[in-house]
Amino acid sequence: MLKLMEISGDAFATEVLESTMPVVVEFYTPTCKFCKRFDPIIETLADRYEGSVKFLRINAAENREIAMQFDVFGVPTTIIFRSGDVVDRISGFVPEAELANRIDAIVK
Amino acid sequence: MAVSHELVIIGGGPAGLTAGLYAGRARLDVIMLDPTGGGGYLNYTESIENYPGFPDGVAGPDLAELLILHATKFGLKIKTEEVTELVAAENPKRLKTPSGELRAKAVIITTGSKPMKLGVPGEEEYVGRGVSYCATCDAAFFNDQNVAVVGGGNAAIDEGLAITRHARKVFVIHRRNTLRAEKVLQERAFANEKMHFIWNTVVDRIHGDGKVTGLSIRNIETGEISELEIDGVFIFIGTRPTTEFLRGAVKTDERGYIVTGRSLETSVKGVWAAGDVQDPVYRQAITAAGQGAAAAILAEKYLQQMKW
């Protein structure tokens with residue numbers, strides 16, 4: 001299983017906005033246990049979509065500027081980017097099948 | 001071919017995890033299904049000060065972790081999956097999930113309750129953009145900002161106090177003129193200079209421009225409508241039992257709570273319910289845990305007597 005890559009605000013432009021692949025970014029905070037429970041789902045999907053979608057996580061408490069830039073005031077928030085644009089946004093914990101459907105809608 | 005178990009526990013809050021602990025120690029073949037992997041409402045709770053054995057209180061998510069650790073140590077398996085349908089009338093009972101079907105000789109339902117929504121314009125739109133149901137998760141986003149808390153019960157006041165560690169001001173909006181929260185919490189709330197109380201008032205609308213910017217509030221005594229500028233709103237107006245997926249598989253009352261007797265057995269033999277899902281009265285982590293233990297003991301006896 002892939003270990004989910006963690007990024008900081010500095011790498012956001014290169015890793016997310018300039019990525020040639022669609023990117024799923026999970027905003028989390030260390031105090032949010034729901035976010036922790038969300039990790040296995042994101043990791044499973046990262047495995048499944050390897051090579052076609054990139055998966056990253058970012059600590060929203062430590063990277064406030066990025067969180068504010070995308071109006072993230074709650075976690076987990078999952079934002080899907082394509083060509084630097086926000087194409088979908090999911091607030092809160094969703095089951096694996098739901099998240100996969102949302103990703104499919106963008107990839108296909 | 002559906003996988004069979006002796007006991008399936010649906011839902012992983014304190015009731016389900018305690019049932020799982022007892023069932024694991026009874027060496028039952030037991031699995032728990034929970035859409036978030038366990039913890040239930042504890043995951044939403046900043047601190048729990050009335051769970052015996054923790055005189056200094058314990059963070060809800062930390063207690064969740066401890067209960068998960070304890071139950072899995074004795075053999076409980078937890079699967080992060082939602083049950084979408086229970087066919088209770090058949091034996092074995094069938095449980096449908098997005099990835100397939102499970103069978104169980106006995107079932108304990110501990111799906112707990114979910115936070116109620118206000119149901120006002122702007123609420124759905126701004127979830128994660130200033131509307132929150134979890135102070136533990138989201139309070140840190142409101143450092144030095146103004147925040148509203150809607151509700152007057154334990155959750156509203158306890159979480160409101162927790163938010164004061166981050167926010168500049170916390171406006172408690174309550175539809176009555178007194179709080180329902182425990183007296184010890186009320187004393188703390190009234191002594192906290194960051195807490196401001198807006199009585200006899202309801203929220204009509206949540207405003208925003210990409211994120212929450214304010215509320216339209218209405219005094220229900222005078223009818224006066226006013227605007228409150230805030231950066232976030234935390235909603236703690238109560239909970240409702242998570243029983244939609246049952247669709248009549250076991251008997252529920254008019255509010256959706258599963259109907260159980262003293263034995264915690266539901267209207268269907270071999271199916272028990274414990275914790276908030278069947279309890280409109282106590283709704284405490286400790287009572288849920290106690291009921292979970294009782295349900296597991298009864299399920300074990302049932303399985304022995306059935307001589308499958």
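# Exercises on a predicted two-chain model

The buried residues of H6(B) are covered by elements of chain B that include strand S1 (3-10), helix H1 (14-25), strand S6 (100-109) and S17. This is a predicted model, in which local features need pLDDT of at least 70, side-chain atom pairs count only at pLDDT 80 or more, and totals for chains, interfaces and linings use all residues. Residues are numbered from 1 along each chain as its sequence is written, and chains are lettered from A and ligands numbered from 1 in the order in which they are written.

**Exercise 1.** State which residues of H6(B) are buried, and check the helix length.

Solution. 
- Helices (H or I, at least four residues) and strands (E, at least two) are DSSP runs, numbered from the N terminus.
- A residue is buried if 20 or more other C-beta atoms, placed from the backbone, lie within 10 Å of its own.
- The buried residues in H6(B) are B:Ala285, B:Ala288, B:Ala289, B:Gln291, B:Gly292, B:Ala295, B:Ala296, B:Ala299 and B:Glu300.
- The expected span is 1.5 Å times one less than the number of residues.

**Exercise 2.** Decide whether B:Leu246 is buried or exposed, and find what B:Leu246 touches.

Solution. 
- B:Leu246 sits in the loop between strand S16 (239-241) and strand S17 (271-273) of chain B.
- With 24 other C-beta atoms within 10 Å, B:Leu246 is buried.
- Contact requires C-beta atoms, placed from the backbone, within 7 Å.
- Not counting residues up to four places away in sequence, B:Leu246 touches B:Leu86 and B:Thr252.
- B:Val83 is 163 residues from B:Leu246 along the chain, yet their C-alpha atoms are separated by 9.2 Å.

**Exercise 3.** Describe how domain 1 and domain 2 of chain B meet.

Solution. 
- Chain B is divided into domain 1 (3-114 + 239-306) and domain 2 (117-235); the bounds come from an automatic or database domain assignment.
- The C-alpha centres of these domains of chain B lie 31 Å apart.
- Six residues from domain 1 and seven residues from domain 2 make the contact.

**Exercise 4.** Describe the side of chain A that touches chain B.

Solution. 
- The contact joins 20 residues of chain A to 23 residues of chain B.
- Helix H2 (residues 33-48) of chain A gives the largest share of that side of chain A, five residues.
- The model scores ipTM 0.76 and pTM 0.84.

Technical notes: Contact = placed C-beta atoms within 7 Å. Nonpolar A, V, L, I, M, F, W, Y, C, P; charged D, E, K, R; others polar. Buried ≥ 20, exposed ≤ 12 C-beta atoms within 10 Å, placed from the backbone.
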